[in-house]
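This report describes selected strands, helices, aromatic pairs and backbone angles of one protein model. The sequence and the structure are shown first, and the description follows.

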Amino acid sequence: MRKLEDININNLSLLVQQANTKAAQGSVIQRIPLLAVANPNWFTVHICCHSEINYSLGDNACKFPLMSVIKPFSLLYLLEHLGAEKVLGLVGVEPSLMPFNSLEQLMMDKGHPRNSMINSGAITLADKLPGKNGSHRTQLFCQWLNKLASSQLYIDVEMLTSVRDTRSQVNVAIAQYLHQTGHIENIELSLDTYEQICCISGQVEDLAQLGKLLACESSLINSQHRRIVNALMLTCGLYEASSLYAVKIGLPMKSGISGALLATVPNQGAIACYSPALDSTGNPVAGLAFIEALSQTLQLSIFS
């Protein structure tokens with residue numbers, strides 16, 4: 001196993017070029033208008049190493065909403081604020097057998113979310129974030145992340161408007177069922193908070209800085225909480241494809257429908273990508289191809 005910082009910049013550039021050819025195999029999500037206008041050929045990557053060595057390639061000026069990549073961090077935030085026993089009583093740690101927005105899966109489980117990486121789990125945790133309303137909760141959360149990660153994340157108001165104008169009725173149904181089964185207190189507050197935190201936005205370097213929080217030991221974050229989040233990313237972060245990529249790549253990862261993708265390399269650093277074209281599961285095609293190639297080149301799998 002080589003170190004993340006050992007990659008040659010020329011080899012890295014070649015991996016990026018090769019991965020980006022895969023974008024044509026995916027498509028940009030159409031449900032949210034502002035996401036639908038993204039160029040499917042955009043690709044950027046930032047690697048943030050524990051040693052302070054950084055690599056950045058591609059369209060790194062791109063700004064994008066984290067969408068579901070925020071889910072590991074809302075979990076981490078609540079673990080830090082409420083403790084593991086409380087949080088793991090709210091959401092499970094089991095992989096979902098169905099898509100990330102499956103109401104059927106939630107009903108099969110009698111309203112108890114399988115894990116925090118799918119919509120039902122994230123909406124449940126959004127209900128518990130500290131703050132007096134959705135905007136206050138999101139501001140507190142975003143400020144916490146920026147302080148810890150030295151990132152420059154912000155709430156993209158235009159993206160939030162686009163999300164609100166095309167609110168997912170599946171998410172509404174999920175929230176209603178969570179409320180009906182006693183798992184959330186306030187349907188509208190939970191949905192509003194969830195939509196707002198998904199519109200926390202930044203550049204790929206910001207995402208890599210967040211990933212470094214999870215990857216590397218520090219006095220800022222409880223070690224047990226880091227381990228919990230990384231474990232759930234490995235087993236649940238890529239939805240139904242999580243087990244496949246645990247075998248192929250072997251790193252904790254989380255994707256978002258914007259095309260954001262984050263992988264952590266424990267004790268070494270983080271790899272963040274942005275590539276808007278998604279596969280049928282909702283994972284970024286080029287980003288996954290790049291991280292798979294990099295992981296195999298450096299033998300980064302945690303199982304190596």
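## A loop residue with positive phi

Asn 267 lies in the loop between β7 (260-265) and β8, where helices (H or I, at least four residues) and strands (E, at least two) are DSSP runs numbered from the N terminus. Although Asn 267 is not a glycine, its phi is positive, at about 70 degrees. With 54% relative accessibility, Asn 267 counts as exposed; the terms used here are buried for under 20% relative accessible area, exposed for over 50%, and partly exposed for what lies in between, computed with a 1.4 Å probe on protein chains only.

## Basis of the description

This is a predicted model, in which local features need pLDDT of at least 70 and side-chain atom pairs count only at pLDDT 80 or more, while totals for chains, interfaces and linings use all residues. Residues are numbered from 1 along each chain as its sequence is written, and side-chain values use heavy atoms, with hydrogens and water left out.

## Strand β1 and its two partners

Strand β1 (residues 44-49) is mostly covered, since six of its six residues are buried. In a regular strand the side chains alternate between the two faces of the sheet. Both faces of β1 are covered, with Thr 44, His 46 and Cys 48 buried on one side and Val 45, Ile 47 and Cys 49 buried on the other.

Two strands are taken to pair if DSSP finds at least two bridges between them. Strand β1 is joined by five bridges to strand β2 (residues 54-58), and the two run antiparallel; strand β1 also pairs in the antiparallel sense with strand β8 (residues 269-274), here over six bridges. Val 45 takes part in both pairings, for its bridge partner in β2 is Leu 57 and its bridge partner in β8 is Cys 273. The hairpin of β1 and β2 has four residues between the strands, and in this hairpin Glu 52 takes a positive phi near 80 degrees.

## An open sheet of three strands

A further sheet is open and consists of three strands in the order β3-β5-β4, with antiparallel pairing. Because β3 (64-65) and β4 (154-155) stand at the edges with a single partner strand each, one side of each is left without a neighbour in the sheet. Two bridges join β3 to strand β5 (residues 200-202) in an antiparallel arrangement, and the bridge partner of Pro 65 in β5 is Ser 201.

## An aromatic cluster

Rings of Phe, Tyr and Trp (its six-membered ring) pair if their centres lie within 6.5 Å, and planes under 30 degrees apart count as stacked, over 60 as edge-to-face and the rest as tilted. By this rule the count comes to six aromatic pairs. One of them is the tilted pair of Trp 42 and Tyr 274, with 6.3 Å from centre to centre and 35 degrees between the planes. Trp 42 lies in the loop between α2 (33-36) and β1, whereas Tyr 274 lies in strand β8, so the pair ties together parts that are 232 residues apart in sequence. Trp 42 counts as partly exposed at 32% relative accessibility, whereas Tyr 274 counts as buried at 4%.

The rings of Phe 64 and Tyr 274 have centres 4.3 Å apart and planes at 5 degrees, so this pair is stacked. Since Phe 64 lies in strand β3 and Tyr 274 in strand β8, this pair ties together parts that are 210 residues apart in sequence. Phe 64 and Tyr 274 are both buried, and together with Trp 42 they form one aromatic cluster.

## Helices α6 and α10

All residues of helix α6 (residues 119-126) are buried, eight of eight, so the helix is largely enclosed by the rest of the structure. What covers these buried residues includes α3 (71-82), α4 (84-90), α5 (103-108), α7 (134-149), α9 (169-180) and α10, where contact means heavy atoms within 4.5 Å.

Helix α10 (residues 187-198) has twelve residues, which at 1.5 Å a residue should span 16 Å, and its end C-alpha atoms are 17 Å apart, which agrees; the expected span is 1.5 Å times one less than the number of residues. Ten of the twelve residues of α10 are buried, so this helix too is largely enclosed by the rest of the structure. Among the buried residues of α10 are Leu 189, Tyr 194 and Cys 198. At the start of α10, a side-chain oxygen of Asn 186 reaches to within 3.2 Å of the backbone nitrogen of Glu 188.

## The segment after α14

Gln 299 lies in the segment after α14 (285-298). Its phi is near 55 degrees, a positive value in a residue other than glycine, and at 47% relative accessibility Gln 299 counts as partly exposed.

Conventions
Polar contact = N/O pair within 3.5 Å; in protein donor to acceptor, adjacent residues only side chain to side chain.
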